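Please examine the model shown below before reading on.

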Amino acid sequence: MPTNAALNILFHSKINGDLTELLDLKDYMAKQIIGDSKIAERVVKEDNIAFLQKQEIKRILGDRKKNNLTRSAEQNDQISKYNPFIYMEISQINNAINLNIKSSLIANYYFKGYRTTKITIQNMNVSDKTIFEVKNQTNMYANEKFSLAFTEIKNGKIVGYSVAVVPATTGQKGQASCQLTLLNQNEYIVDDGAKYFDVSKLIMNMSV
């Protein structure tokens with residue numbers, strides 16, 4: 001069956017890049033494959049997954065433009081105003097690094113980390129006392145990249161924000177950086193978290 005074969009290729013393919021820190025793109029792509037037999041028939045190798053991913057990103061973004069600010073020195077006013085991760089409290093308890101975003105919200109929660117680890121919770125109720133454990137040295141692959149995000153639907157568009165530990169833009173293997181993203185009605189903004197807060201605890205000992 002073309003659909004099952006396409007899904008098998010999808011599930012064994014690596015998905016990286018735009019929006020993967022905010023959304024489970026594999027889930028979105030799987031729905032496209034299941035919902036359209038013509039799409040399923042076109043997925044016969046991993047290269048086709050890369051093309052499908054580009055198409056899905058284009059569909060989600062619509063007329064919104066990507067604005068990568070990681071190499072600029074200035075803070076972005078949209079990130080400063082709407083991404084609550086810049087005000088979060090980062091704490092270390094024994095082997096764990098925890099985050100508290102000091103906000104109250106109801107949104108879709110998405111955590112991606114530890115290679116194949118993914119956690120999605122729809123309409124999660126978060127208070128200023130909610131604690132998120134993002135790193136624990138007792139876990140397998142605890143020093144690999146991760147992202148934590150919240151999204152919702154506004155005016156028919158997916159909007160949201162995230163914090164992520166990713167490979168450094170220097171390109172030097174093993175170095176990590178912290179990125180903030182914001183997906184609003186007009187833009188998909190990617191910025192360097194170090195411009196907004198002390199990221200040292202998040203990127204410490206990371207071998208991304």
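The following paragraphs describe selected features of this model.

The model is predicted, so that local features need pLDDT of at least 70 and side-chain atom pairs count only at pLDDT 80 or more, while totals for chains, interfaces and linings use all residues. Residues are numbered from 1 along each chain as its sequence is written, and side-chain values use heavy atoms, without hydrogens and water.

Helix H2 (residues 25–35) and helix H4 (residues 46–61) have axes that come within 10 Å and cross at roughly 100 degrees. Helices are DSSP runs of H or I with at least four residues, strands are runs of E with at least two, and both are numbered from the N terminus. Axes are lines fitted to C-alpha atoms, for helices over the stretch in contact, with angles from 0 to 180 degrees between N-to-C directions. H2 and H4 are therefore roughly perpendicular, a term for angles of 65 to 115 degrees.

Three strands form an open sheet in the order S2-S3-S6, with antiparallel pairing; a pair requires at least two DSSP bridges. Strand S2 (89–93) and strand S6 (132–136) are the edge strands, each pairing on one side only. Strand S3 (residues 96–100) is joined to S6 by four bridges, and Asn98 has Glu133 in S6 as its bridge partner.

Strand S8 (157–167) is one of the elements that give two or more residues to the lining of the largest pocket, and S8 provides the largest share, four residues.

Methods: Parallel < 35°, antiparallel > 145°, perpendicular 65-115°, else oblique.
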